[in-house]
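Work through the exercises below with the structure open. Try each task before reading its solution.

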Amino acid sequence: MIPQMVHQGPGDVNPRLNKPDSGSLQIRTSYDEMIPSVTEPSARFYIDVMKIFLALYEGALSLEEAVSAAETLKENPEYAKNAIDPTLIPLTEEYKDRILSNLQTLKKFNLFTRDSVRSAFTFALLTPDAPISKTDLQILRILEKNPLTTLVDAAEAIGATPRTIARSIERLERNFFLRVAAFVDMTSFGAHSHILFFTLAEGIDWEEVEEGFALYPFTKNILKTTMTDLGYASFLIPGPEENLSIFADHVSDISAILFDYSSLHVQEATGANSNMSLLKDGQWQFSDAMLKIKEDDEAPESEGEMRLLECRGWQRGLTANDFIVTAEYSKALRNPPRILRENLRMEGWDFDGKQIAQSVRKSHDRGLILPFLSYSGVGLPTNFCFEIICNREWQDRILRAVIHLPSVTYYLSARGIILWVQVPSHHQVEYYRAFRALEDFEGVRSVQPIMTILLKGSRSELDFVRYWRFSSRGWTVDPELLNLGSYFPY
Amino acid sequence: MKPLGTGALKLLRKLAIDPSLSQAELAKELDVTRSAVNQIWQRLRKECNLSVRGSFDYGQLGLRLVFGWASDREGSDILPKFSRWLTSSPLTVVVMRSVMSSMMDTRVYFEALLPQGQRGVWFLDQLERFKKNPYNLSLVYGFASHIANHLNLGLFDGRGWDMIDGFRFGATIDSAKGYADVLPDVRTSRQSDPVNVSLDDFIVASIIEQDFHATSRQLETNLSELGEPKMSERTLRRRLSAVRKKRIVPYLRIENIGLSQRIAISLEEARELDDSSLSRLLRVQATTLPKARVVHNDNLTSMILDLPESVSWFAISQVLSESAGATSTICTFIADDSQIWNGLDSLLEVLVEHTGKDSRSHHL
């Protein structure tokens, strides 16, 4: 049984956050004079995100109130295009100053369009690089090998005290936004991740397509820049099994009208890897693993374990509660159970400690999650996404090579491999060329890149399941709800 | 990069504001001795290739500047072929290839100086040939109507450059959209229709292009190297002065000042747009960037920017792309190292061959 939700929607939100006549959040901060007033809903979305951050920063809102305010933002269609949770933005003075400076620029120049306000927010969040101490780097290297290592084990590994390790982790969290997160095998709960790459057909308006994807209730995130034709949308599709082919048919139908190119990936496995060992004396070294692919008959061997979470399909004995707890737990694995329980409560789910402990244990024992490190500000500002269509042999070869790169997330499907790669700017050309050169090999059909200044967030799994049913074979919805075509005006 | 001292920075800033200042005028403006200015100047010339160059109204020299860019998917063999042809043509003065472009394709940017007559027509015919079967190259080009070179040392403290913030860059462009037509378009050399010009004047122009303050002695040396008959110093001075009057805009050129990243921006706008366009906004914005060369006509604009390593070319590209809208196509690319930057002197040989050394007055 799914626990009682603490609140269900905006009607239940703290009244001092909501202004019913305009739908705009009424949050008072001492910075209000610097914040431009906008009426257009999509521009207002980003203003409200920044307002919540500022209110949280200066203590005008409690975390609980900020979470409630963030919940109301999810009703704005802009949320599906750019899923931002302001309560997850690290509360640093630097972010506060940059947000305020950009807001002042908007006001000074009278720029109130969605693009301008979004740009003000995006650029404020670009993390400047900070120098990292020798100890902190050592800890980061230990954590990237084992994100859940204990303070005692880490202390032994570098000959320090557990207190030193704890302080170092605090510094890493504060300065580099370190977080131990996890991938979750959604198929264990009956839901399946899909990614659709596309290029628009002649005469098709992106704004309308983006709007359609944003309104579709199964869209997780959307990425398309104004610079290239290629974009993607990702989806989480619940069972039963027949729903997957129904969804694929809908994608095929809209693709015939909207897209010149469309390529649907169904997730088979995922994972992430980083190599802080390439950071020496404050300078990132180039990894030649991608170049060696060309030279060797054998794929480069990986040092250590391949960090890969395979989608194993529905597992008996898992409950909706397990899903909810695991989804929240996967956001920050090192948070103590007390915080996890509080976060769930603020999201609207009330569990007792025992239930949480059981579900967390299950997620580990059954291999439902794969921990990974998330951090920024260490000199990897260039973000690429590559869609690589290739055969199984090349999927494996590429995977074994990319785990040697500074930071990579991978997504495997029967069509090939999708990569999100973060590299230093002074190596961007070399890495980019190494990837594009893969097309020269027979087993690789295409390599298509997207470059972005910031990777976008995605809708939380918990937002989806509020409207799904949990059956004897996991999450399910009525197949009629999957009709993607009904969201496009073509 | 070797940091610059206060004296050198003061001199450079003065020169960047008014590159036509001679060393004597600089000494007066800076309230120092002429020998002090000369000492700094010589050091900057040695360490940073300092020079004051001339940007011409090429029409006054009997030439037209054609500029444009070609693009193709990565891995195509047509673009390298086009690039090789450009490089082999003696009329080509600029060739820049992309190593990475914001549109994830490959690009070649070029400029060529076309004389009147068959040679110029032939060059244009070749460009058209690349647009047709079997090449079908995506190629846009046109004659330049304006050329500008900017150096903004206000952002430089002698050691490093102020961060250029992508958001502020975009915001400034967006905010000026409503009144672009009244923004000043400064230090630009307008290009006129070609006129007939003598070979001697062309030789003088090629010297002034390299050194705006060239002396009669320098001119004499160059003429003698070309086998031209000796002239009196008074004649040489008169010729220098006459050519300087041909609408030359002097500009400061300096290297090794931390601008290690060269990017090219190409903008194509619909022809029906008036001058309150993104092109004008970009041209105005170019004056606020560290170093920029801008060439444009009614619908094409190219900007070659030298930027510090810390600036994200991609962030700049993104804000520009968002400003472009549906009627414009904008692409930014990082240039590779094998660039060609020729001057008027590279055309001298062709023109001498073409007109014959015996004739002293030519239709170039």
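**Exercise 1.** Through how many residues does a hairpin join strand 3 of chain A to strand 4 of chain A?

Solution. The model is predicted: local features need pLDDT of at least 70, side-chain atom pairs count only at pLDDT 80 or more, and totals for chains, interfaces and linings use all residues. Residues are numbered from 1 along each chain as its sequence is written, while chains are lettered from A and ligands numbered from 1 in the order in which they are written.

Step 1. Find the elements: helices (H or I, at least four residues) and strands (E, at least two) are DSSP runs, numbered from the N terminus. Strand 3 of chain A covers residues 219-224, and strand 4 of chain A covers residues 230-238.

Step 2. Read the link: the hairpin between strand 3 and strand 4 of chain A has five residues.

Step 3. Check the pairing, for which DSSP must find at least two bridges between two strands. Here five bridges join strands 3 and 4 of chain A, and the two run antiparallel. L223(A) has Y232(A) in strand 4 of chain A as its bridge partner.

Step 4. Look at burial (buried: 20 or more other C-beta atoms within 10 Å of the residue's own; exposed: 12 or fewer; partly exposed: in between; C-beta atoms are placed from the backbone). Six of the six residues of strand 3 of chain A are buried, so this strand is largely enclosed by the rest of the structure.

**Exercise 2.** State at what angle helix 6 and helix 8 of chain A pack.

Solution. Step 1. Helix 6 (residues 134-145) and helix 8 (residues 162-176) of chain A pack at about 90°, and their axes are 9 Å apart. Axes are lines fitted to C-alpha atoms, for helices over the stretch in contact, and angles run from 0 to 180 degrees between N-to-C directions.

Step 2. The angle makes helix 6 of chain A roughly perpendicular to helix 8 of chain A (65 to 115 degrees).

Step 3. List residues in contact (C-beta atoms, placed from the backbone, within 7 Å). On helix 6 of chain A they include I139(A) and L140(A), and on helix 8 of chain A they include I165(A) and L172(A).

**Exercise 3.** Describe the contact of chain B with chain A.

Solution. Step 1. In chain B, 23 residues are in contact with 24 residues of chain A.

Step 2. Strand 3 (92-101), helix 6 (166-175) and helix 11 (313-324) of chain B each supply at least two residues of the side that touches chain A.

Terms used:
Parallel < 35°, antiparallel > 145°, perpendicular 65-115°, else oblique. Contact = placed C-beta atoms within 7 Å.
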